[in-house]
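Good morning, and thank you for joining this group meeting. I would ask you to keep the model in view while I speak.

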Amino acid sequence: MSDPTFEVTDLRQWAYCPRVVYYQYCLPDIRPVTRLMEAGQEEHRAESGREERRSLRTYGLKVGERFFDVPLRSETLGLRGRVDLVIAIPDRRQATELVVVEYKSTEGKAGPHVKLQLTAYALMIEEAWGIPVKRGFIYHMPERKAEAVTISAALRTRVKETVAAIRATVDHERMPPPPTSRRQCAVCEFRRFCNDVV
């Protein structure tokens with residue numbers, strides 16, 4: 001692998017189904033780009049415009065300076081990506097805390113795979129800006145609601161363990177087992193490559 005870093009979204013994919021990450025890195029030419037993927041990217045761009053007009057009360061905050069679509073890279077973690085929103089409290093110059101926000105086009109509670117992605121961004125912005133991140137939010141676009149997520153020690157550890165598992169899989173080109181639940185397999189763009197999934 002020429003670039004020793006993985007995308008933060010790979011962690012989310014890995015927690016959802018590790019084979020998606022395997023196919024992306026070990027068989028990179030087979031990944032289809034679906035209409036659903038393109039629609040999701042467009043929704044994220046539109047949400048940034050709405051966020052500028054939204055009150056910080058959505059996140060239970062009175063003050064804060066917002067930074068949109070922040071590019072991040074961590075050689076320590078071996079990750080790169082773009083976080084949708086970072087809020088510096090009270091502002092970037094005097095910040096004592098940062099809050100990370102990820103937009104999702106899903107309803108209901110965020111799954112563990114989404115919380116893992118949010119935590120990875122929290123660790124990366126902490127490293128880059130030298131300011132602690134104790135919490136973040138998943139902003140569910142369809143419901144226009146923010147779900148609070150505590151950036152716990154357990155989630156921080158899980159990020160590091162997941163990066164290590166991805167690296168071992170990619171380095172050894174070993175296909176992981178299918179996910180325990182096969183519900184997501186019904187709509188997966190890679191289903192035709194998994195001969196052991198009915």
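**Helix H4 and its surroundings**

I begin with two helices that meet. On the H4 side, the residues in contact are Pro112, Lys115, Leu116, Thr119, Ala120, Leu123 and Glu126, and on the H5 side they are Leu155, Arg156, Arg158, Val159 and Thr162. Please bear in mind throughout that this is a predicted model.

How do the axes of H4 and H5 cross? They come within 9 Å of each other, at an angle of roughly 95 degrees. Angles from 65 to 115 degrees count as roughly perpendicular, and H4 and H5 are therefore roughly perpendicular to each other.

Let us take one residue from this meeting place. Thr119 belongs to helix H4. Is Thr119 buried or exposed? Its relative accessible area is 0%, so Thr119 is buried. Setting aside residues up to four places away in sequence, Thr119 touches Ile151, Leu155, Arg156 and Val159.

Now consider H4 as a whole. The helix has 18 residues, and from its first C-alpha to its last it reaches 26 Å, close to the 26 Å expected at 1.5 Å a residue. Of those 18 residues, 13 are buried, so H4 is largely enclosed by the rest of the structure. After the helix comes Gly130, which has a positive phi, near 70 degrees.

How many residues make up the largest nonpolar core? There are 36, and those with the most contacts inside this core are Leu11, Leu79, Val86, Leu98, Val100 and Ile125. Several elements give two or more residues to it: the helices H1 (8-16), H4 (112-129) and H5 (153-172), together with the strands E2 (65-74), E3 (79-89), E4 (97-104) and E5 (133-140). Which of the elements gives the most to this core? That element is H4, with ten residues.

Leaving out its neighbours within four places in sequence, Ile125 is in contact with Val70, Leu72, Val86, Leu98, Val100, Gly130 and Val133. Apart from this core lies another, of twelve residues, including Leu56, Tyr59, Tyr139 and Met141.

My last topic is charge. The structure holds six salt bridges, and I shall describe some of them.

In one, the side chains of Arg73 and Glu75 meet, with N and O 3.0 Å apart. Arg73 is partly exposed, at a relative accessible area of 45%, whereas Glu75 has 55% relative accessibility and counts as exposed.

Another salt bridge joins Glu97 and Arg135, whose closest N and O atoms are 2.8 Å apart. This pair links distant parts of the chain, as Glu97 lies in strand E4 and Arg135 in strand E5, 38 residues apart. Why does Glu97 count as buried? Buried means under 20% relative accessible area, and Glu97 has 12% relative accessibility, so it counts as buried. Arg135, at 27%, is partly exposed.

A further salt bridge is formed by Lys104 and Glu102, with 3.7 Å between the closest N and O atoms. Are these two residues buried or exposed? Lys104, at 9% relative accessibility, counts as buried, and Glu102, at 3%, also counts as buried.

Thank you for your attention.

Key: Residues are numbered from 1 along each chain as its sequence is written. This is a predicted model: local features need pLDDT of at least 70, side-chain atom pairs count only at pLDDT 80 or more; totals for chains, interfaces and linings use all residues. Side-chain values use heavy atoms; hydrogens and water are left out. A nonpolar core is a set of buried Ala, Val, Leu, Ile, Met, Phe, Trp, Tyr and Cys residues joined through side-chain atoms within 4.5 Å. Buried means under 20% relative accessible area, exposed over 50%, partly exposed in between (1.4 Å probe, protein chains only). Helices (H or I, at least four residues) and strands (E, at least two) are DSSP runs, numbered from the N terminus. Contact means heavy atoms within 4.5 Å. The expected span of a helix is 1.5 Å times one less than its number of residues. A salt bridge is a side-chain nitrogen of Lys or Arg within 4 Å of a carboxyl oxygen of Asp or Glu. Axes are lines fitted to C-alpha atoms, for helices over the stretch in contact, and angles run from 0 to 180 degrees between N-to-C directions. Angles under 35 degrees count as roughly parallel, over 145 as roughly antiparallel, 65 to 115 as roughly perpendicular and the rest as oblique.
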